[in-house]
Amino acid sequence: MSLRLSTVILPVDRWHEGGRTKWQRAEELGFHAAYTYDHLSWRTFRDGPWFGALPTLTAAATATDRLRLGTLVTSPNFRHPVTLAKELISLDDISGGRVTLGIGAGGNGFDATALGQEAWTPKERADRFAEFVPLLDRLLTEGAVSQKGDFYTAQEARNIPGCVQRPRLPFAVAATGPRGLKLAARHGQAWVTTGDPKLYEEGTPEQSVTALRGQVEKLGKACAESGRDVAELDKILLTGFTPDRGRPLESVDAFVDFAGRHQELGFTEVVIHWPITDSDFAADHAVFERIVTEGLKQIG
């Protein structure tokens, strides 16, 4: 399978002051998909502009025609399956069936406490995620759903007429642990990883490749245990969080080398950040565009 290249556009621009232009340019450049982060605020951007993911994607859907759109990733930190399902069905309709839901268990960032709750432990996040994903799957595929869970309840929740994409819009499940990989195997049309976070500060690119190879192997085992062929799942690498950091965007050759090494591991899609000046995602925009238009041609 040919490697696909996508981008993630952080929601930091007013729509009429550069926001719309980025999404339209992403389509013009030929990206497979453009994603955004589904946070209330995020890291070093906390005290600056940050807009909502689903309204941004809705606007992007009306400003583009072919580009796939999605979240990387939505989590239970401030979402409920019932209300999220309604918004996703609406977004899928407005986009003409171009939406992918990236979904993960969440973390300890600002989202974790913004609604006034204590941050959940890793086990609590995993417990909620294990209930969140199957319920959301039902809500997006069934016309009426009632279910009482430990964390999430749906009472005669209606989602008619359902998604444009059948049986529902695809899930790209972010996971590295056994419980998350099991959810990816059972409910995902794709799997997402950012690599091994323990290697970000002190690790090497070679160690990262080894860790990612191990993650891919664990995904294969989870799929086998679920009676599913791992080849059915797209495998998405969200870049910028491995020891390589921003080096793959320094030149076309650097990107080709990086992408080729990870394609050999079985990845089918690589996601790069749209450059943002004076941030961890700063990059030469001219080089960035050359990577999109020239880089993939060299990988094949």
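## Strand β4 and its neighbours

β4 and strand β7 (residues 171-174) pair in the parallel sense over three bridges; two strands are taken to pair if DSSP finds at least two bridges between them. Helices (H or I, at least four residues) and strands (E, at least two) are DSSP runs, numbered from the N terminus. The model is predicted: local features need pLDDT of at least 70 and side-chain atom pairs count only at pLDDT 80 or more, while totals for chains, interfaces and linings use all residues. Residues are numbered from 1 along each chain as its sequence is written, and side-chain values use heavy atoms, with hydrogens and water left out.

β3 also runs parallel to β4, and four bridges join the two. T74 stands opposite I103 in β4. The chain crosses from β3 through helix α3 (residues 81-95) to β4 in a right-handed β-α-β crossover; right-handed means that, with the strands pointing away from the viewer, the path from the first strand over the helix to the second runs clockwise.

Five of the five residues of β4 (residues 99-103) are buried, so the strand is largely enclosed by the rest of the structure. Buried means under 20% relative accessible area, exposed over 50%, and partly exposed in between (1.4 Å probe, protein chains only). In a regular strand the side chains alternate between the two faces of the sheet. In β4, V99, L101 and I103 point one way, and T100 and G102 the other way.

Helix α1 (residues 19-29) has G19, K22, W23, A26, E27 and L29 as its buried residues. Their cover includes β1 (4-8), β2 (33-36), α2 (53-63), β3 and α8 (285-299); contact means heavy atoms within 4.5 Å. G30, with a positive phi near 95°, follows α1.

In α5, the buried residues are G180, L181, L183, A184, A185 and H187. These residues pack against α4, β7, β8 and α6.

The largest pocket has a volume of about 1500 Å³. It is lined by 43 residues, of which G106, G107, A174, T176 and T194 lie nearest its centre. The elements giving two or more residues to this lining are β3 (68-74), α4 (122-141), α5 (178-187), β8 (190-193) and α6 (205-225). The lining divides into 19 nonpolar, 16 polar and eight charged residues. A pocket is an open set of points on a 1 Å grid over the protein atoms alone, where a 1.4 Å probe fits, with protein on both sides within 12 Å along at least five of seven lines; lining residues have an atom within 4 Å of a point. Grid points are joined across faces, edges and corners, and a volume is the space filled by probe spheres set on the points. Ala, Val, Leu, Ile, Met, Phe, Trp, Tyr, Cys and Pro count as nonpolar, Asp, Glu, Lys and Arg as charged, and the others, Gly among them, as polar.

The second largest pocket holds about 290 Å³ of space. Of its 17 lining residues, G240, R245, G246, D280 and F281 are the closest to its centre.

## Backbone features

R245 has a positive phi near 50° and is found in the loop between β9 (234-238) and α7 (252-263). Its relative accessible area of 34% makes R245 partly exposed. R43, in the loop between β2 and α2, has a positive phi near 45° and is exposed at 53% relative accessibility.

A cis peptide bond joins L72 and V73, with omega about -10°; V73 lies in strand β3. Another cis peptide bond joins I160 and P161, with omega about 15°.
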